[in-house]
Amino acid sequence: MVSRLLIISIQPIPPPSSSSSSSLTSLHPDMILSLAAAMSSGGIPQNTTSSSPFDPSPLDPWLDPYPDPYPDLPGVNASSSDVPGRTYTSDLDLRPLTSQQDVSPWDVALCVTGTLIACENALVIAVLFYTPTLRAPMFILIGSLAFADLLAGLGLILNFVFTYLVEGEVVTLVATGILIAAFSASILNILAITVDRYLSLYNALTYHTERTVLFTYLVVGVIWLVCLVLGVLPALGWNCLDDQSTCSVCRPVTKSNAVALAVFFLLVFALMMQLYLQICRIAFRHAQQIAVQHQFLAMSTTKGVQTLSVILGTFATCWLPFAMYSIVADSSYPIIYTYSTVLLAACNSVINPVIYAFRNPDIQKGLWLACCGCVPSNLSLRPRARTSSDV
């Protein structure tokens, strides 16, 4: 019947006559109504044609009010299953279909920074471990700080690997836990070093008898216990994997957890500022009390104040932007701000070995002995006593 319709549509229309006009008008009124409805709707609905064109079934195009005029042409008013090997979607998707995720330059920068952090702090740990004379409480705290920064560097490397090479929620939670524990330990160890320096000046006469190695190991153990608890919180359910609307600037950490960690950092920073102000007051008071060594102590105190300015300025510059941004922002903010603040915070672990380890003359001697087996003439082989410039 479809061929009959096509023949009728192709043949030239003869001049109108009363007999032909009446026959066409009365021949197929359903067909005329069907074609008019199809033209008004902008297309001809599809249907499955009958296997026999002369079978008077409900699938006959003469009886079906919505026939398919092109049953043998795939892709014309056809469903996605009519064309094998091709998928049709309801919306146009202009995103390129790539089998490999593009590597962000920010992630590369964080991975390179993590590698530098790991190498620096591994060197500090090796020097402290292989130098028997570096077993004082101060060096234990420096070693704990170096281990925390080493773990942070490895966490940045693992985060890059897990992002682009290994997929899954488990590895994401593992990388997040390592970074939270490592950076928290780094901040708390810096606070412990600050307290140690304050006590060494405030109780200069009894410092070496009260601050024993055992006591320092206990302090380090408490620090790492607290940081491990903070690190496992995301794996215990304190994450936003099930509810993306609660995510912070660092997925999968929730907004509330990020704010709590930022407030914790601000409290640590405020305590450090208070302690270093007290250290400056004690150092200046010592310089005024001992008149005989006034000139020497004045020079030493000036150097100590400069060191304090470098320590506090570096710590604030690296961590304050990320802490404040974690409080005011959420996951809807541009990702470039998150990357820039995280990279700046990671740079603090790059600078820590320079401030707390490589400036120390005793560690410098260990480095010289490990590298070339000699010590420069300006460095004494005997461990020197702490002065106010060591703050």
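Student: What is the handedness of the crossing of helix 4 and helix 11?

Tutor: In this predicted model, the crossing of helix 4 and helix 11 is left-handed. A crossing carries that name if the near helix is turned anticlockwise from the far one by less than a right angle.

Student: Why are helix 4 and helix 11 called roughly parallel?

Tutor: The axes of helix 4 (residues 105-130) and helix 11 (residues 335-358) are 10 Å apart and meet at an angle of about 15 degrees. Angles under 35 degrees count as roughly parallel. Helix 4 and helix 11 are therefore described as roughly parallel to each other.

Student: Which residues meet where helix 4 packs on helix 11?

Tutor: Helix 4 contributes residues including Trp106, Asp107, Leu110, Leu116 and Glu120. From helix 11 come, among them, Ile336, Tyr339, Leu343, Pro353 and Phe358. By class, this contact of helix 4 with helix 11 has 17 nonpolar, four polar and two charged residues.

Student: What makes helix 5 roughly parallel to helix 8?

Tutor: Helix 5 (residues 137-164) and helix 8 (residues 213-232) have axes that come within 9 Å and cross at roughly 20 degrees. The limit for roughly parallel is under 35 degrees, so helix 5 runs roughly parallel to helix 8. Their crossing is right-handed.

Student: Which classes of residue form the contact of helix 5 with helix 8?

Tutor: The contact of helix 5 with helix 8 has ten nonpolar, two polar and no charged residues. Pro137, Ile140, Leu141, Ser144, Phe147, Ala148 and Leu151 belong to helix 5, and they meet Val213, Thr216, Tyr217, Val220 and Trp224 of helix 8.

Student: What is the confidence of the prediction over the protein, and where is the pLDDT below 50?

Tutor: The average pLDDT is 75, and 64% of the residues score at least 70. Over residues 1-11 the pLDDT is below 50, and this stretch has eight contacts beyond near neighbours in sequence. Residues 16-27 also stay under 50, with two contacts beyond four places in sequence.

Key:
Residues are numbered from 1 along each chain as its sequence is written. This is a predicted model: local features need pLDDT of at least 70, side-chain atom pairs count only at pLDDT 80 or more; totals for chains, interfaces and linings use all residues. Side-chain values use heavy atoms; hydrogens and water are left out. pLDDT is the predictor's confidence in each residue, from 0 to 100. Contact means heavy atoms within 4.5 Å. Axes are lines fitted to C-alpha atoms, for helices over the stretch in contact, and angles run from 0 to 180 degrees between N-to-C directions. Helices (H or I, at least four residues) and strands (E, at least two) are DSSP runs, numbered from the N terminus. Angles under 35 degrees count as roughly parallel, over 145 as roughly antiparallel, 65 to 115 as roughly perpendicular and the rest as oblique. Ala, Val, Leu, Ile, Met, Phe, Trp, Tyr, Cys and Pro count as nonpolar, Asp, Glu, Lys and Arg as charged, and the others, Gly among them, as polar.
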